[in-house]
Amino acid sequence: MTAIVVIAKECLPGKVKTRLHPPLSLEQAAELAAASLADTLAVARSLPATRHILAFDGVTPPPEASAWEILPQSAGGLDERLAAIFDHLDEPTLLLGMDTPQVTHELLMPVFTDWTTETEAWIGPADDGGFWALALKNPTGALLRGIPMSRSDTGAHQLRRLNEAGLSVRLLPALTDIDTISDARIVASAAPHTRFARTFSGLRTSAQPGAAELRAVDPLSRSGARS
């Protein structure tokens, strides 16, 4: 009995992945964000969750979430918005971001099979010091409210909060979440089968500074995958 929540923004130019501009145009950055979200939703949909929820900041949810519960994000900073999600739920809950399209069904399945008296929380650390996933057996927003977000020590603060609350915590593998064009290259190379990688590979350079960096990217050939 575990709910899964994906937290996401509507993938509109200028609203998502703006740190990819340049070398990407704002339209390309939004296209890449939409691909990342679609991959994440596909994996989440494959998991044996009792509820599939999109915590959404926007007007029009993506078609991949057409059968999902839509939970509008609350106001406030990211810690407040995440806390509100966990306050809304009363069953074991796994929260995922939209920026790790390389995540897999197999990687997340332990969260759905290994809730025991010795496992009360899971956290997936991100390579930039944040976290890409958080699962709580007994969700409560107090475990997130006040955590400094979008910093190189965010994950450490969150793990410390869980430990100080006396929870037994298990770690998911560390993943790269996508903030910069270098992150996008790493993720596309690591998961060439994804819509994200195909979209990234197919992007055409824009006439902006930094376009040469994007031109050099070929995630499929770098990974050794065959089409």
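This report walks through the strands, salt bridges and aromatic rings of a predicted model.

## Before we start

Because this is a prediction, local features need pLDDT of at least 70 and side-chain atom pairs count only at pLDDT 80 or more, while totals for chains, interfaces and linings use all residues. Residues are numbered from 1 along each chain as its sequence is written, and side-chain values use heavy atoms, with hydrogens and water left out.

Helices (H or I, at least four residues) and strands (E, at least two) are DSSP runs, numbered from the N terminus.

Let's begin with strand S6, which spans residues 131–136. How many of its six residues are buried? Six of the six are, so to speak, under cover. Here buried means under 20% relative accessible area, exposed means over 50%, and partly exposed is in between (1.4 Å probe, protein chains only).

Two strands pair if DSSP finds at least two bridges between them. Strand S4 (residues 93–96) pairs with S6 in the antiparallel sense over four bridges, and Leu95 stands opposite Leu134 in S6. Strand S5 (residues 121–125) also runs antiparallel to S6, joined by five bridges. Pro125 has Phe131 in S6 as its bridge partner. S5 and S6 make a hairpin with five residues between them, and Gly129 in that turn has a positive phi of about 100°.

## Salt bridges across the chain

Side chains of opposite charge can pair when their charged atoms come close. The cut-off used here is a side-chain nitrogen of Lys or Arg within 4 Å of a carboxyl oxygen of Asp or Glu. The whole structure has nine salt bridges. One of them joins Asp57 and Lys15, at 3.5 Å from N to O. Asp57 is in strand S2 (residues 51–57) and Lys15 is in the loop between strand S1 (3–9) and helix H1 (26–46), so this pair ties together parts 42 residues apart in sequence. Both ends are partly exposed: Asp57 has a relative accessible area of 29%, and Lys15 comes in at 30%.

Lys17 forms a salt bridge with Asp179, at 3.7 Å from N to O. This pair links distant parts of the chain, 162 residues apart: Lys17 is in the loop between S1 and H1, and Asp179 is in the loop between strand S7 (169–171) and helix H5 (181–190). Lys17 counts as buried, at 17% relative accessibility. Glu69 belongs to strand S3 (residues 69–72), so the pair ties together parts 18 residues apart in sequence. Arg51 is partly exposed at 23%, and Glu69 is partly exposed at 33%. Finally, salt bridges that share partners join Lys17, Asp99 and Asp179 into one network.

## A stacked pair of rings

The structure holds one aromatic pair. Why does the pair of Phe196 and Phe200 count as stacked? Their ring centres are 6.2 Å apart and their planes sit at 15°, so the pair is stacked. The rule is that rings of Phe, Tyr and Trp (its six-membered ring) pair if their centres lie within 6.5 Å; planes under 30 degrees apart count as stacked, over 60 as edge-to-face and the rest as tilted.

Both residues are in helix H6 (residues 195–202), where being four residues apart separates them by about one helical turn. Phe196 is buried at 1% relative accessibility, and Phe200 is buried at 2%.
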